[in-house]
Amino acid sequence: MRDQAGETSLMEAERLILRGSLVRRLVVSAAGWALGLLLIGAFALTVLYRETVYAELDDRLNGISDALVAGVELDPVGEVRLSRSPIDPRYDQLFSGRYWQVSDPTPPGAATPSLVRSASLWDEILTLPASVEAGALANTGPTLGGNGVGPDGEPLRLRVRAVRLPNRDDAVIITVAEDRRKADRQVRNFALTSALLLGVVAAVLAAGIIFQVRVGLAPVFRMRRDVAKIRDGQAERIEGDYPSELYPLAGELNALLDHSKEVVERARTHVGNLAHALKTPLSVLANEAHMNEGALAELVGRQTRAMRDQVDHHLRRARAAANARAIGASTPVHDVLDGLGRTLQRIHARNDIKIEWKSEGELFFRGERQDLEDLLGNLMDNACKWSRGHVRVLAKSSEDAQLSITVEDNGPGLSDEECKAVLARGVRLDEQSPGSGLGLAIVTDLAKVYGGSLTLCRSDLGGLRACLALPLIKSGPLETSR
């Protein structure tokens, strides 16, 4: 189970690296740069548009200021007057948002003394910022800009100029003002519109980036699927058209597959040679013991059989360990069940034992056929020996995506303590029955080699239930039952 869990976590990590981190990293980095540039562009456009709107407003106010400068004069008694007023009628409408006034410099701590003002001001006076007024007086002639508050509390855009009149010692301050809320509203509407448009552009750009990344990494995903097919036994090598950057990787993976197959074949050869080298001397000893009588011959024969069982067990485990690490091993479960069920039914026909077997779906064991036959053969044969006429076998996919096989009988069964003890190697609860006590131990060891497990408990039939968990390859829906 630990090996299987490690394998599953490794595959999950590979999936996250390919589909999660790599794609997310590329998309986030590209989208981050694009979004940053769009935000900078939106801010720059808004600032540029704001300056354009205020420049247009200042130009209009400068024109009115020039007209006031041309029309301001002294009357015969030395009072400041305006020979002609601006023609814009809104300067004559009360609190219209457009104002002008001609005033003396503001004495310290006093209100601005107005000499002449527009009718739109009525009896109000425009209060100038001290810094703007001081700047205008320090440099008479040029127009300075600033912001102020109108008689109705509205924000104003100001243009202020200090002018010296003939026959007058003190300069007069000409102020032209206009409500800037309309200009601010234009800037705000432009900012909202540009944000909306740039948001649409950002969404389209993000979709394009995701599409480009997915298309660019499609060969990597395809190679991952090809590797998964090899692992599931659906292919033997990585083949297909790949970009030039991935061809070396495909070649290295194919070379690794060839090396893995070579190692497995070499291990199988060594196992076969070892089995032949050990079984021949054991056969000679067994034959000599059989041909002789006496206590020594019986002892040699019994120990020889035990040694042969132990050799078979460990060679089977070594072969299974090599097979479990082989890539591409796949065995159809229903074929093995069908073959074992028919064979055991004929063997135990004289005991009138009924064997039912069923495979839910098209299930494939991730391993060698011979190992699955050893696993199921031991369990089914053990159930037939102890049953009272009924054996039931069910293979299905478990909730944790493993192959789950249960073998049940209606025999005497085992207690919880006996279920734990009988899985130990060489333990036999009934010394009168034939065998070496290795059957369930072999199943346990083989299951662990494949990352699986074997558990025993009471069956609904009244006897023993053996639950075997193994690695699964599930190809498609199919049900085979007998």
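The accessible surface of the protein chain amounts to about 27,100 Å², and carbon and sulfur atoms account for 56% of this surface. The coordinates belong to a predicted model. The chain comprises 482 residues, of which 38% count as buried, and its secondary structure consists of 9 helices and 14 strands. Among contacts between residues at least 6 apart in sequence, 64% join residues at least 24 apart.

The mean pLDDT of the protein chain is 79, with 82% of the residues reaching 70 or more. Where pLDDT is low, the predicted coordinates should not be read in detail.

A search of the whole structure for aromatic pairs returned 2. Tyr49 and Phe190 form a stacked pair, with a centre-to-centre distance of 4.2 Å and an angle of 15 degrees between the planes. This pair links distant parts of the chain, since Tyr49 belongs to helix H1 (residues 2-71) and Phe190 to helix H3 (residues 181-231), 141 residues apart. Tyr49 has a relative accessibility of 27% and therefore counts as partly exposed; Phe190, at 28%, is also classed as partly exposed. The other pair, Phe365 and Tyr450, is edge-to-face, with 5.0 Å between the centres and 65 degrees between the planes. Phe365 lies in strand S9 (residues 354-365), whereas Tyr450 lies in the loop between helix H9 (439-449) and strand S12 (453-458), so the pair ties together parts that are 85 residues apart in sequence. Both Phe365 and Tyr450 are buried.

Two further residue pairs were examined through their C-alpha separations. Leu22 lies in helix H1 and, with a relative accessibility of 23%, counts as partly exposed. The C-alpha atoms of Leu22 and Val213 are separated by 9.6 Å, although these residues are 191 residues apart along the chain. Leu192 is placed in helix H3 and counts as exposed, at 57% relative accessibility. Between Leu192 and Ala42, the C-alpha to C-alpha distance is 9.9 Å, for a separation of 150 residues in sequence.

A charge-ring arrangement involves Arg157 and Tyr54: the charged end of Arg157 sits over the ring of Tyr54, 4.9 Å from the ring centre. Arg157 also takes part in strand pairing, as the bridge partner in S6 of Asn147. Strand S5 (residues 143-149) and strand S6 (residues 155-163) pair in the antiparallel sense over 7 bridges. These two strands form a hairpin with 5 residues between them, and Gly153 in the turn adopts a positive phi of about 80 degrees.

A second hairpin is formed by S10 and S11, with 5 residues between the strands; within this hairpin, Ala401 takes a positive phi near 60 degrees. Strand S10 (residues 390-397) runs antiparallel to S11 and is joined to it by 7 bridges. Ser397 has Leu403 as its bridge partner in S11. Strand S11 is also joined to strand S13 (residues 464-470) by 6 bridges, again in the antiparallel sense, and Glu408 stands opposite Arg465 in S13.

The burial of S11 was considered residue by residue. In strand S11 (residues 403-409), 7 of the 7 residues are buried, so the strand is largely enclosed by the rest of the structure. In a regular strand, the side chains alternate between the two faces of the sheet. In S11, Leu403, Ile405, Val407 and Asp409 point one way, while Ser404, Thr406 and Glu408 point the other way, and all are buried.

Definitions and conventions. Residues are numbered from 1 along each chain as its sequence is written. Side-chain values use heavy atoms; hydrogens and water are left out. Rings of Phe, Tyr and Trp (its six-membered ring) pair if their centres lie within 6.5 Å; planes under 30 degrees apart count as stacked, over 60 as edge-to-face and the rest as tilted. Helices (H or I, at least four residues) and strands (E, at least two) are DSSP runs, numbered from the N terminus. Buried means under 20% relative accessible area, exposed over 50%, partly exposed in between (1.4 Å probe, protein chains only). A charge sits over a ring if NZ of Lys or CZ of Arg is within 6 Å of the ring centre and within 35 degrees of the ring normal. Contact means heavy atoms within 4.5 Å. Accessible areas come from the Shrake-Rupley method with a 1.4 Å probe; for residues, only the protein chains shown count as cover. pLDDT is the predictor's confidence in each residue, from 0 to 100. Two strands pair if DSSP finds at least two bridges between them.
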